[in-house]
Amino acid sequence: MIKKHHLAMISCTDRCTFMDGLRGSEEKRMEFKAAIFAAAVAAVLLSSSSPALAQKKSPPAPAPVSLPPSLAPAPAPAPHYVDLAELLSVAGPFSTFLNYLEKTNVIETFQSQANKTKEGVTIFVPKNSAFAAIKQSTFSNLTGDQLKTLLLYHAFPEFYSLAEFKNLSELNPVNTFAGAPYTLNLTDDMGSIYVQSMWSKPKISSSVYATKPVAVYALNKVLLPMQISSKAPPLAPAPAPAPVSGASDLAPSPPSGKAGAGSGKADSTSAAYTVGAGVVNGLVLAAAASLMLLW
């Protein structure tokens, strides 16, 4: 009996210890779950609040700085364009050439080349005397297209300074604004530049304007290509000489001193002639009277 009772007490003690262990394990699991839940809640709260914290920590963007008017950069200057019509009207006796340019609208072609291209333009301008030296029918008989081609023949579609003509002469013949068939030959003779067409070889007499992109040079002759004039152009008739006043029909009167002396001499001669005639007449009358008495 005692042994059975002892065994019953032992088994009861073991069961109590086992149950206490179970309860302790359950409490630890509950604590572990609570810790995991708390960590999850903290992670969610931290992730949701981090953008706000980042925004609070980022410094504000600096305000744009405006420069005072005195320090602001100056605007780029507008490009300077040379007015070719105005230049030719005031720079020399080029009115004939300018009239032809405006009549054919070639002046607009040259102006556009000067303003809108990097190459620029070089123009050879004959003086008024160069046109006057050629018979006017040479130009009046040209068609509109021929006259336009003749004017374009007086220009290169590129800027050339006087110093560049020496190298350019090595590339003869040089194409003009009129196109490939219409070419010019350049010659540098010890610094003097000659421009040769078929019927003329004028020397550049002066530089009217030579600042890139525009170069204008004066000529004493008109450039005439063979394609427009198949023979040398006739020269204009020489102007009639000015009338010379003829000599007076009356001889010029002598100076006053000599005239006075001549007048005195004539008077004395006339007086002597009168006295002599009177003496002769007296002698004749006396002789006649003597004969009458003797009779």
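This is a predicted model: local features need pLDDT of at least 70, side-chain atom pairs count only at pLDDT 80 or more; totals for chains, interfaces and linings use all residues.
**View 1. Asp189 stands opposite Ser192 of strand β5.** Residues are numbered from 1 along each chain as its sequence is written, and side-chain values use heavy atoms, with hydrogens and water left out. Strand β4 covers residues 179-189 and strand β5 covers residues 192-196; strands (E, at least two residues) and helices (H or I, at least four residues) are DSSP runs, numbered from the N terminus. β4 and β5 pair in the antiparallel sense over five bridges, where pairing requires that DSSP finds at least two bridges between two strands. Two residues lie between the strands of this hairpin. Met190, in the loop between β4 and β5, is not a glycine, yet its phi is positive, at about 55°. With a relative accessibility of 83%, Met190 counts as exposed (buried means under 20% relative accessible area, exposed over 50%, partly exposed in between, with a 1.4 Å probe and protein chains only).

**View 2. Strands β6 and β7 form an antiparallel pair.** β6 spans residues 204-211, β7 spans residues 214-219, and six bridges link the two. Ser207 has Tyr217 in β7 as its bridge partner. A hairpin with two residues joins β6 to β7. Pro213 is placed in the loop between these strands. The peptide bond between Lys212 and Pro213 is cis, with omega about 20°.

**View 3. A cis peptide bond runs from Asn172 to Pro173.** Its omega is near -5°. Pro173 sits in the loop between α8 (165-168) and β3 (174-176).

**View 4. Helices α2 and α3 pack at an angle of about 160°.** Two packed helices are described by the angle between their axes and the distance between the axes. Here the axes of α2 (residues 84-91) and α3 (residues 95-104) are 9 Å apart; axes are lines fitted to C-alpha atoms, for helices over the stretch in contact, and angles run from 0 to 180 degrees between N-to-C directions. The angle makes α2 roughly antiparallel to α3 (under 35 degrees counts as roughly parallel, over 145 as roughly antiparallel, 65 to 115 as roughly perpendicular and the rest as oblique). From α2, Ala85, Leu88 and Ser89 meet Leu98, Leu101 and Glu102 of α3, contact being heavy atoms within 4.5 Å. By class, this contact of α2 with α3 holds four nonpolar residues, one polar and one charged (Ala, Val, Leu, Ile, Met, Phe, Trp, Tyr, Cys and Pro count as nonpolar, Asp, Glu, Lys and Arg as charged, and the others, Gly among them, as polar).

**View 5. Helices α3 and α4 pack at an angle of about 90°.** The axes of α3 and α4 (residues 106-116) are 5 Å apart. The angle makes α3 roughly perpendicular to α4. Leu101, Glu102 and Thr104 of α3 make the contact with Val106, Ile107 and Phe110 of α4. Four nonpolar residues, one polar and one charged make up the contact of α3 with α4. Leu101 and Glu102 of α3 also take part in the contact with α2.

**View 6. Asn105 lies in the loop between α3 and α4.** Asn105 has a positive phi of about 65°, although it is not a glycine. The relative accessible area of Asn105 is 42%, and the residue is partly exposed.
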